[in-house]
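Visitor: I am new to this structure. Could you show me how to read a few of its features?

Guide: Gladly. Here it is.

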Amino acid sequence: LDLTKISAGKMSLKSIDMNIQQVAQLCMDMYAGQMKEKNLRWEVCVNPGVPTNVSGDRTRVVQILCNLLSNATKFTTPGGLIKL
């Protein structure tokens, strides 16, 4: 995320309904190739208490989850498990 824009109050967010399980799976699919190369295991496990459909800025949610997955892929040792 662009922290400069957030600090200046110039970041616009678009709130839409989205299926959080599908968004998480989309992000996981984007990193599947890198995780396979590193012999990592992965799974999407959304807490049952989280509503299936949530409202938010889908683009920003994807960006945040992908940043987390990128770091997890880099820093998880081969054979490790990544849960999102």
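Guide: Keep in mind that this is a predicted model. We begin with Gly80, which sits in the loop between α3 and β4 (81-83).

Visitor: Is Gly80 buried or exposed?

Guide: The cut-off for buried is under 20% relative accessible area. Gly80 has a relative accessible area of 14%, so Gly80 is buried.

Visitor: Which residues does Gly80 touch, not counting those up to four places away in sequence?

Guide: Gly80 touches Asn39, Leu40 and Arg41. Take Asn39: Gly80 and Asn39 are 41 residues apart in sequence, yet 7.7 Å apart in space, C-alpha to C-alpha.

Visitor: Where is the place of Asn39?

Guide: Asn39 lies in the loop between α2 and β2 (41-43). Asn39 counts as exposed, because its relative accessibility is 54% and the cut-off for exposed is over 50%.

Visitor: What should I look for in the backbone there?

Guide: Look at phi. Most residues other than glycine have a negative phi. Asn39 has a positive value, near 60°.

Visitor: And how do I read a core?

Guide: Start with the general idea. In soluble globular proteins, nonpolar side chains tend to be buried together. Here the largest nonpolar core has 14 residues. Cys27, Met35 and Leu69 have the most contacts inside it. The elements giving two or more residues to this core are α2 (20-37) and α3 (58-75). α2 gives the most, with 6 residues.

Visitor: Which residues is Leu69 in contact with, leaving aside neighbours within four places in sequence?

Guide: Leu69 is in contact with Cys27, Met28, Tyr31, Ile82 and Leu84.

Methods:
Residues numbered from 1 in each chain as written. Predicted model: local features only at pLDDT ≥ 70, side-chain atom pairs only at ≥ 80, totals over all residues. Heavy atoms only, no water. Core = buried A, V, L, I, M, F, W, Y, C linked by side-chain atoms within 4.5 Å. Buried < 20%, exposed > 50% of the residue type's maximum accessible area, 1.4 Å probe, protein only. Helix = DSSP H or I, 4+ residues; strand = E, 2+ residues; numbered from the N terminus. Contact = heavy atoms within 4.5 Å.
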